[in-house]
Amino acid sequence: MTNFDSLNNQEQGDDLIELKLIVFKYLKNWYWFIISVLVLGVSTYLYLRYTTPLYKISASILIKDEKKGMSGNDALKELEMFSGNKLVENEVEVLKSRAIIEKVVDDLNLCVSYFSPNKLLRDSELFGNSPIWAHFNSLNSESGTFIIDVKNYKEFELSTTESKIGNFKFSELVKVNGVNFRVFFIDSLSKKYPFKRIKLVYSPKSNTIQRYQNSIEVAQVNLKSTVLGISLEEANVNKGKAILGKLLDAYAFNTLKDKNHEATNTLHFIDERLKLITQELGDVEHDVESYKSSQGITDLSSEANLFLEKVKDNDSKLNEVDIQLKVLDGVENYLKSSQSGVAPATLMVTDPILVSLLTKLNELELQKDKYARSVQEDNPLYATVSAQIKNTKQGIREYLQNQKQGLVVTRNSLKGFNNQIEGAIRTIPRKEREFVNIKRQQGIKESLYLMLLQKKEETAISYASTVTDSRVIDEPYSSLGPVKPKKMNFYLIAIIIGLAIPAVILYLKDLLNDKIESSKLIQSKTGLPIFGEISKKPKDLQTNIVNLKGNSFLAEQFRILRTNLQYVAAGHKAHKATTILLTSSIGGEGKSFISLNLSHSLALLGKKVVLLELDLRKPRIASYLDIHVSEGISNYLIGQDNLTKLIKKSSLHENLDILPCGPIPPNPAELISNEQMHKMIEELQAVYDYVILDMPPVGLVTDAVIMGKYADAAFYVVRYGYTPKSNLKILNELKEMKAMKSLNVIFNGVDYQNSYEYGYGYGKYGGYGYTGYYSEEKS
């Protein structure tokens with residue numbers, strides 16, 4: 001349990017170190033983050049400076065929809081089919097309909113905009129305060145821009161953004177590229193707003209309507225209420241308020257127009273009837289006057305008056321029945337026709353159920369007309385309303401048949417009573433009987449005339465008192481500040497992007513870097529320990545020989561490497577020399593540099609050391625020490641010379657000998673494999689304390705593998721920022737093959753100052769009293 005806890009704590013500690021290394025990697029490049037944030041910040045500032053800010057213009061209206069709040073009343077649900085409720089959802093589409101937006105565009109002349117040009121800052125729109133006004137007779141299908149320079153109150157200079165067009169007089173017809181327009185000078189505004197140069201931007205009417213249809217937002221403030229919120233984002237606050245104000249006016253006008261259509265039809269019907277009844281009444285009154293003068297009758301007897309009153313009362317009832325039948329006939333004719341729109345007048349109908357049905361039909365026809373302007377015919381809403389209209393008409397037809405049958409029975413009964421009275425009138429004298437008939441016609445026309453006048457007054461009062469089904473709650477108002485662009489959001493995004501760009505670049509740089517720059521990577525990929533680390537060679541070190549007698553950081557590292565050798569070579573036979581092999585994966589990783597300086601470090605301890613230049617293809621040791629010989633290892637391996645003659649003394653130390661390569665042979669691998677190599681190693685091990693084998697790269701040739709059997713310890717040199725990561729698989733293969741005893745890794749050329757891993761926690765090497773090459777390089 002204790003071992004498990006210890007292992008767990010170690011893993012947590014490794015994770016913490018990894019996290020610190022990642023953080024340090026980015027903190028080490030802090031200046032790139034600051035530069036990136038500053039560049040993005042300045043760019044954002046310039047963008048916001050030249051971007052036109054948008055303000056949110058809002059308004060709200062209340063739709064009188066009786067359906068809201070009726071869900072808990074079952075009786076009202078049953079009567080809903082007879083009501084003319086307006087759906088709030090429909091009005092959302094009506095407010096954004098093309099017809100209403102087009103009226104707003106026409107009233108405010110939104111196809112043309114006026115701006116005060118500014119080269120340094122953004123152009124400012126002159127809505128309502130432009131000293132000129134342009135009226136376009138025709139516009140092409142594309143937008144355009146004109147520059148107008150006002151010379152005086154009589155003429156102006158016209159140009160485009162590319163070239164000058166010419167001078168024109170105000171109110172003169174201008175024809176340019178298929179565009180015909182006139183420019184008018186507004187003297188009152190020119191004194192208040194003395195703009196001399198004005199940019200005129202025009203766009204096709206269809207494009208302008210579409211743009212505002214897309215930009216105007218209409219939505220319910222609360223699903224349980226009938227309040228609609230209307231909003232628009234506009235650069236010019238006054239322009240936005242004017243647009244929403246006109247939109248509300250156009251909507252109210254459209255609503256009143258629909259509602260007054262019914263009253264207009266009723267007034268037209270009554271006027272037509274009044275013209276006819278007035279003429280007939282005049283004729284009857286003339287007949288009464290003529291009959292009295294020709295027959296010498298001044299008044300009727302009491303009996304005749306009694307009959308006349310009865311017949312007048314009965315005729316009045318009969319007239320009412322006839323009028324109701326004509327109204328029902330008019331409704332029936334409307335239902336039979338294919339016309340759409342507002343149904344016939346309902347003010348002449350006295351039956352409350354028929355009135356409800358006709359009102360319902362009116363509402364459905366209005367909804368269908370509104371949908372026809374805003375949606376396609378295959379839209380489900382349009383199809384639903386059409387089906388409701390069809391069902392409502394069928395219900396009205398059935399109700400009309402029942403009503404007409406009842407009215408016909410009533411009319412026949414009244415006619416029968418008239419026949420009885422007429423029979424009684426025949427008993428009075430002829431002159432009185434004839435006069436009664438004339439007076440009877442006069443009474444019928446008078447009662448009908450008075451009833452029509454009464455209905456006309458009722459209809460006129462209804463027409464005058466018509467109100468809209470909506471009420472403005474909030475007049476158009478503006479937000480306190482711009483809603484777009486939101487400066488804080490842009491600056492926040494700039495900071496985030498400014499931090500992200502260098503972070504991503506550093507991450508991609510590490511991701512695309514195929515060179516080894518971490519000792520932890522070597523350990524994690526191979527499982528081999530890092531035997532020692534050698535720092536990057538200082539720039540002022542012109543040779544490959546380190547002053548190991550000094551106290552430089554590089555010299556100390558070789559001393560540490562020398563000390564660690566006792567742990568690697570432990571267990572070898574005491575009478576034999578310790579044989580050490582150094583190799584690498586590719587050339588240029590510093591194995592010869594380490595071999596020479598490690599040998600020198602061992603010699604400084606008083607140990608007899610011999611360094612074998614066994615890289616028979618590209619030898620380097622002899623050139624480092626300026627040893628010029630024509631004979632060496634290759635001569636011995638072919639049996640030409642004895643070994644003692646070939647060994648050369650080193651100028652570095654009396655205990656260090658060099659066995660140079662000699663002539664480069666054509667077959668190095670075969671020479672290394674012969675018995676002479678075994679003999680040579682045994683002779684050297686008998687004389688020296690340490691035998692150092694400088695081998696060629698194992699990733700290129702097999703020489704190091706062949707010589708592995710002679711070595712007590714093998715060192716694989718990996719160079720910081722040079723050795724490819726893919727070459728670690730060679731190291732893994734050597735480990736799995738067990739081709740070499742005690743295989744270890746030396747990490748060479750480590751750049752402590754620029755390394756993320758070594759920058760964190762390893763800075764102490766530069767401040768621990770080490771001088772010489774490392775401190776000079778640091779400076």
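**Helix packing, sheets and salt bridges in a predicted model**

The axes of helix 2 (residues 30–50) and helix 13 (residues 487–512) approach to within 8 Å and cross at roughly 145 degrees. Here an axis is a line fitted to C-alpha atoms, for helices over the stretch in contact, and angles run from 0 to 180 degrees between N-to-C directions. Helices (H or I, at least four residues) and strands (E, at least two) are DSSP runs, numbered from the N terminus. The crossing of helix 2 and helix 13 is right-handed; a crossing is right-handed if the near helix is turned clockwise from the far one by less than a right angle, and left-handed if anticlockwise. Helix 2 contributes residues including Trp 32, Phe 33, Val 37 and Leu 40 to the contact, and helix 13 contributes residues including Phe 490, Tyr 491, Ile 495 and Leu 506. Contact means heavy atoms within 4.5 Å. By class, the contact of helix 2 with helix 13 comprises 17 nonpolar, 4 polar and 1 charged residues. In this classification Ala, Val, Leu, Ile, Met, Phe, Trp, Tyr, Cys and Pro are nonpolar, Asp, Glu, Lys and Arg are charged, and the others, Gly among them, are polar.

The model is predicted: local features need pLDDT of at least 70, side-chain atom pairs count only at pLDDT 80 or more, and totals for chains, interfaces and linings use all residues. Residues are numbered from 1 along each chain as its sequence is written, and side-chain values use heavy atoms, with hydrogens and water left out.

The protein as a whole has 25 helices and 21 strands. Buried residues account for 43% of its 779 residues, where buried means under 20% relative accessible area, exposed over 50%, and partly exposed in between (1.4 Å probe, protein chains only). Of the contacts between residues at least 6 apart in sequence, 78% join residues at least 24 apart.

Strand 1 (residues 55–63) is joined to strand 12 (residues 227–234) by 8 bridges, and the two run antiparallel. Within this pairing, Tyr 55 stands opposite Glu 234. Strand 1 is also antiparallel to strand 13 (residues 470–478), with 6 bridges between them; there Ser 58 has Tyr 477 as its bridge partner. Two strands pair if DSSP finds at least two bridges between them.

A further sheet is open and contains 8 strands in the order 14-21-20-15-19-16-18-17, with mixed pairing. Its edges are strand 14 (530–535) and strand 17 (648–649), each of which pairs on one side only. Strand 14 runs parallel to strand 21 (residues 743–750), and 4 bridges join them; Gly 532 has Ile 746 of strand 21 as its bridge partner. Helix 16 (residues 591–603) packs on this sheet, touching strands that include strand 14, strand 15 (578–584), strand 19 (690–694) and strand 21, and its direction makes about 170 degrees with that of strand 19. Helix 23 (residues 728–737) lies across strand 20 and strand 21, at about 160 degrees to strand 21.

A search of the whole structure finds 14 of them. Asp 615 lies in the loop between strand 16 and helix 17 (621–624), whereas Lys 591 belongs to helix 16, 24 residues apart. Asp 615 is buried because its relative accessible area is 6%, and Lys 591 is likewise buried, at 7% relative accessibility.

The loop between strand 16 and helix 17 also carries Arg 617, which is paired with Asp 703 of helix 22 (residues 703–707), 86 residues apart. Elsewhere, salt bridges that share partners join Glu 102, Asp 106 and Lys 205 into one network.

Lys 164 and Glu 157 form another salt bridge, with their closest N and O atoms 3.3 Å apart. Lys 164 counts as exposed at 51% relative accessibility, whereas Glu 157 counts as buried at 14%.

Finally, Gln 213 lies in helix 7 (residues 205–215). Its relative accessibility is 16%, so Gln 213 counts as buried. Leaving aside residues up to four places away in sequence, Gln 213 touches Lys 96, Ser 97, Arg 98 and Ile 101.

Technical notes:
Salt bridge = Lys/Arg side-chain N within 4 Å of Asp/Glu carboxyl O.
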